[in-house]
Amino acid sequence: MKYDLHIHLPQAISDDVLTAYEIAIRNSGLKVGGFVIHYTEKYGKRNFKNLVDVIETLGVKSIAGVEIYYPSTTVPSDAEYTLVHFRDIIIDHDAILKISKLNNPIIAHPLSYNSKFTSEAMRILKKYGITVEYNSAHISPEMHNFYRTLKAYGVEISFGSDAHTPYEICAGFEQAKEFITPVDELGVMKKIL
Ligand SMILES: [Zn+2]
Ligand SMILES: [Zn+2]
């Protein structure tokens, strides 16, 4: 079943933009969508509410989440999941512990933006219930080895296209299949759906 848990929607959406999303979603074959906005305290709850209202009109099984920039861990309480964007960091035990307290945390585009994991952090992801994203916009042959290692540790791997336009929704899903966890087996979805 085709899914994508990293679809950005603009902060403000006109009817024309909404129609473009509806058409693209139908064409993409998307069955379960996770829609997010970049969340900072500046944007506030109002835009998140707007996101929830919009996705309810899109006609697919959808959840609403936010993408935060670590170390900020401010999240609206009604966000159903949290994508964590790390940058310039070595992700260690403490960082994993901190994000494990978020609602349904998923590490977005791992190893991007100058981030890496300590080997201890890699080993405790499963224990702390952290999902790691296969991000089709940040993929390389080395990343495949990384995802194989995660799989060996029993870590759940969600699919995310990081679409910032409607046409990128589900991009690269077929190539990701070998690595990702089916949507109905993802713990984060079991808690939500
Ligand atoms: Zn990001
Ligand atoms: Zn993103």
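**Briefing: a parallel sheet and its surroundings**

In this predicted model, Thr82 stands opposite Pro105 in β6. That facing pair belongs to the region where strand β4, residues 81-85, and strand β6, residues 105-107, run together in the parallel sense over 3 bridges. The protein chain as a whole contains 7 helices and 9 strands, and 7 strands make up an open sheet whose pairing is parallel.

**The sheet**

- The order of the strands across the open sheet is β1-β2-β3-β4-β6-β8-β9, with β1 (3-8) and β9 (157-160) as the edge strands, each of which pairs on one side only.
- Neighbouring strands of this sheet are turned against each other by 35° on average, with direction ignored.
- In general, the strands of a sheet are paired through backbone hydrogen bonds, in either a parallel or an antiparallel arrangement.

**The nonpolar core**

- The largest nonpolar core holds 51 residues, and Val84 and Ile106 are the ones that touch the most other members.
- Leaving aside residues up to four places away in sequence, Val84 touches Ile68, Tyr70 and Ile99, together with Pro105, Ile106, Ile107 and Ala108.
- Pro105, one of the residues touched by Val84, is also the residue of β6 that Thr82 stands opposite.

**Helix α5 and the residue after it**

- Helix α5 covers residues 141-152, and at 1.5 Å a residue its 12 residues should span 16 Å; the end C-alpha atoms are 17 Å apart, which agrees with that expectation.
- Just after α5, Gly154 takes a positive phi of about 80°.

**Overall dimensions and packing**

- For a chain of 193 residues, a compact globule would have a radius of gyration near 16 Å, and the protein chain has 16 Å, which agrees.
- The C-alpha trace of the protein chain spans about 45 × 35 × 30 Å along its principal axes.
- Of the 193 residues of the protein chain, 38% count as buried.
- Among the contacts in the protein chain with a separation of 6 or more, 73% are accounted for by residues 24 or more positions apart.

Terms used
Residues numbered from 1 in each chain as written. Chains lettered and ligands numbered in written order. Predicted model: local features only at pLDDT ≥ 70, side-chain atom pairs only at ≥ 80, totals over all residues. Core = buried A, V, L, I, M, F, W, Y, C linked by C-beta atoms within 7 Å. Buried ≥ 20, exposed ≤ 12 C-beta atoms within 10 Å, placed from the backbone. Contact = placed C-beta atoms within 7 Å. Helix = DSSP H or I, 4+ residues; strand = E, 2+ residues; numbered from the N terminus. Expected span 1.5 Å × (residues − 1). Rg over C-alpha atoms; globule rule 2.2 N^0.38 Å. Pairing = 2+ DSSP bridges. Axes fitted to C-alpha atoms, helices over the stretch in contact; angles between N-to-C directions.
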